[in-house]
Amino acid sequence: MNANADMISTIGGPGSGKGTQCSKIVEHFGFTHLSAGELLESEVKSGSETGKMIQEYKKEGNLVPSEIVVKLLQQAMQRSGNNKFLLDGFPRNEENRVAAEKILKIQPIVVLVFECSEEEMIRRVLHRNQGRVDDNIDTLKKRLKVYKESTLPVVDYFANMGKVRKIDAERSIEEVFESVKDILSELGIKNHEGERTVNAQAV
Ligand SMILES: Nc1ncnc2c1ncn2[C@@H]1O[C@H](COP(=O)(O)OP(=O)(O)OP(=O)(O)O)[C@@H](O)[C@H]1O
Ligand SMILES: O=c1ccn([C@@H]2O[C@H](COP(=O)(O)O)[C@@H](O)[C@H]2O)c(=O)[nH]1
Ligand SMILES: [Mg+2]
């Protein structure tokens, strides 16, 4: 993998708005969106044996073994031809983090953490209507537990490295994105036109 690649990680509970914000970041900043959840879903749709196994993990709200996820991410990175990557909800546990460092050989320059109350996340997921196998209250409770027990320690790890920026994700989509833009701009990340953005204004 290109050692000069830029990588941004996004982390947040189910329904905190990672996918929504990632789409806006891609539109504005030209990163390649790498959603492990969507790559896994493509594997499920392929009907492969691996896909059948992944579906069971998803239904239970559990995390798929790291080697499968990292391999899918690596293939997507190679296909993209880009060197700016936006990880949507990854890494999700310590095993993911270690595997990604070892195999992908890049570290995030910043980790955006979308903080949202459980009540609001549950409301959003149960109103999402995208036909996802894991958008039901039983699976959602397990995903919230996995987030607290397995993902929050990864946030602590990156926080100790000074890489975490926490964002109040309870607000409207546009307000959250204003915060995202401010953070990325402060880090010198340029928008599509090669300009830094401050308070939604190109400068
Ligand atoms: N700030 C927001 N305010 C209100 N609704 C939002 C906000 N952000 C996202 N949503 C809506 O909430 C739902 C969940 O958002 P999204 O799919 O982006 O979450 P996610 O963090 O990617 O969840 P998951 O981990 O389950 O994939 C979607 O229907 C989306 O339109
Ligand atoms: O790194 C990952 C990402 C996702 N999964 C599995 O997919 C579902 C849905 O993921 P979303 O990103 O929330 O759409 C998740 O609950 C896991 O089962 C994973 O194992 N590892
Ligand atoms: Mg998502």
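**Ligands and spaces**

Tutor: An oxygen atom of ligand 2 lies 3.3 Å from an N or O atom in the side chain of Arg-143. That is a polar contact, meaning a pair of N or O atoms within 3.5 Å; within protein, one must be able to donate a hydrogen and the other to accept it, and residues adjacent in sequence count only if both atoms are side-chain atoms. The protein buries 94% of the 450 Å² that ligand 2 exposes when taken alone; accessible areas come from the Shrake-Rupley method with a 1.4 Å probe, and for residues only the protein chains shown count as cover.

Student: What kind of model is this, and how are its parts numbered?

Tutor: The model is predicted: local features need pLDDT of at least 70, side-chain atom pairs count only at pLDDT 80 or more, and totals for chains, interfaces and linings use all residues. Residues are numbered from 1 along each chain as its sequence is written, chains are lettered from A and ligands numbered from 1 in the order in which they are written, and side-chain values use heavy atoms, with hydrogens and water left out.

Student: Which residues come nearest to ligand 2?

Tutor: A residue is near a molecule if one of its heavy atoms lies within 4 Å of it. Of the 13 residues around ligand 2, Asn-62, Val-64, Phe-90, Arg-92 and Arg-132 come nearest. Asn-62 places a backbone N or O atom 2.6 Å from an oxygen atom of ligand 2, and Arg-92 has a polar side-chain atom 2.5 Å from an oxygen atom of ligand 2.

Student: And which residues come nearest to ligand 1?

Tutor: Lys-18, Thr-20, Arg-128, Arg-143 and Arg-171, out of 16 residues around ligand 1. A polar side-chain atom of Thr-20 is 2.5 Å from an oxygen atom of ligand 1. For Arg-132, an N or O atom in the side chain is 3.0 Å from an oxygen atom of ligand 1. Of the 640 Å² of accessible area that ligand 1 has on its own, the protein covers 79%.

Student: How is empty space found?

Tutor: A probe the size of a water molecule is rolled over the atoms, and this shows where empty space is left. On a 1 Å grid over the protein atoms alone, a cavity is a set of points where a 1.4 Å probe fits but cannot get out; lining residues have an atom within 4 Å of a point. Here, the largest cavity holds about 60 Å³ of space. Its lining includes Met-7, Leu-87, Phe-90 and Phe-158.

Definitions and conventions
1 Å grid on protein atoms, 1.4 Å probe; cavity = no way out; pocket = protein on both sides within 12 Å on 5 of 7 lines; lining within 4 Å. Points joined across faces, edges and corners; volume = space filled by probe spheres on them.
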